[in-house]
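Subject: Structure for your review

Hello,

The structure we talked about is placed below, and my notes come after it. Please read them with the coordinates open.

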Amino acid sequence: MTVTNPTAPATPATPPSSGPGNTFRTALRSGFGLLGPRHRRHALSAEQVDALALPIGDDGVVIGVDAQGQPSVLGVNRPTPYDVLLIGGLWTAQVIALRAAATGARVAVETGRAAAWAQLVAALGVGPSGMSVHEVGRVPPQGASAGSPVLVVRDCGMRPPRGRVVSGPWQSVLTLLPYLSPVAPRLIRQARLVGVQRVSPDEAVQIGRSVGLPRGDVEALPTLADGVTLWCADRDRQYVMTQPTDAETGLLGTARRMD
């Protein structure tokens with residue numbers, strides 16, 4: 001008969017590290033390898049939070065700089081219809097189209113002067129997937145989507161006909177008017193954004209009345225330098241200087257109001 005000594009220490013249990021289950025739990029605690037370096041936690045005091053600044057801005061095409069030298073951005077890729085009217089020169093419209101294509105948007109140009117746009121298409125070298133040129137009234141459906149946004153540029157002279165392809169989700173329309181014409185009031189009313197470059201004093205008065213410009217802006221419009229545009233949206237107004245890159249200057253020349 002075996003006698004058990006009640007005062008003897010009990011047989012030690014199996015160490016926690018032995019056995020497959022315990023080994024796995026130990027590995028989880030140790031991180032499956034060597035411990036990495038230890039750093040102090042990064043924390044800010046309540047006084048330091050006020051000094052924290054993040055560079056948050058609009059998403060879109062940089063069309064120039066404002067009066068403070070800060071980038072001005074035109075958001076043409078939108079999930080809602082967006083109509084833009086530019087009363088100005090072909091040069092500015094082409095810079096916007098070129099930069100929109102560079103951001104990944106497809107650009108469809110409706111124009112009666114295809115030769116003026118041919119150099120842009122050739123320079124991009126990406127075919128219709130980047131920029132395509134169509135006769136007036138011959139722009140086919142573009143099939144715009146969030147993954148393939150479209151900018152339609154209508155360069156159809158002083159009296160552009162009603163467009164066959166209109167703005168819609170992920171498809172914005174930029175209409176170029178060299179000067180005011182009888183269709184300008186209708187285009188101004190339907191546009192979400194209106195850009196005005198140098199115009200005559202009489203045209204400035206008419207535009208100021210349609211857009212609701214103060215007297216100072218009306219008087220400034222006939223004196224604007226080449227490449228400067230007054231952009232108006234609702235009650236917001238901003239003067240923007242479009243500065244071409246070296247590549248844009250080599251392709252389009254320097255900024256100009258007249259073509």
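Predicted model: local features only at pLDDT ≥ 70, side-chain atom pairs only at ≥ 80, totals over all residues.

Helix pair

Helix H3 spans residues 90-102 and helix H4 spans residues 114-124; the two pack at an angle of about 20 degrees, and their axes lie 11 Å apart. Angles under 35 degrees count as roughly parallel, and H3 and H4 are therefore roughly parallel to each other. Their crossing is right-handed. On the H3 side the contact is made by Leu-90, Ala-93, Gln-94, Ala-97, Leu-98 and Ala-101, and on the H4 side by Ala-116, Trp-117, Leu-120 and Leu-124. By class, the residues of this contact are 9 nonpolar and 1 polar, with no charged residue.

Cavity

How many cavities of 30 Å³ or more does the structure hold? There is 1. The largest cavity contains about 40 Å³ of space. Its lining consists of Asp-83, Val-84, Leu-85, Val-173, Thr-175, Leu-187, Gln-190 and Ala-191. Strand S3 (82-87), strand S7 (171-177) and helix H5 (184-190) are the elements that give two or more residues to this lining. S3 has the largest share, with 3 residues. The lining of the largest cavity divides into 5 nonpolar, 2 polar and 1 charged.

Pocket

The second largest pocket holds about 180 Å³ of space. It is lined by 14 residues, and those nearest its centre are Asp-83, Arg-154, Gly-163, Val-166 and Gln-190. Which element gives the most to the lining of this pocket? H5 does, with 3 residues. S7 and H5 each supply at least two residues of the lining. By class, the pocket lining has 6 nonpolar, 4 polar and 4 charged residues.

As for elements, S7 and H5 each give two or more residues to the cavity lining and at least two to the pocket lining.

Regards

Methods: Residues numbered from 1 in each chain as written. Heavy atoms only, no water. Axes fitted to C-alpha atoms, helices over the stretch in contact; angles between N-to-C directions. Helix = DSSP H or I, 4+ residues; strand = E, 2+ residues; numbered from the N terminus. Parallel < 35°, antiparallel > 145°, perpendicular 65-115°, else oblique. Left-handed = near helix turned anticlockwise from the far one by under 90°. Contact = heavy atoms within 4.5 Å. Nonpolar A, V, L, I, M, F, W, Y, C, P; charged D, E, K, R; others polar. 1 Å grid on protein atoms, 1.4 Å probe; cavity = no way out; pocket = protein on both sides within 12 Å on 5 of 7 lines; lining within 4 Å. Points joined across faces, edges and corners; volume = space filled by probe spheres on them.
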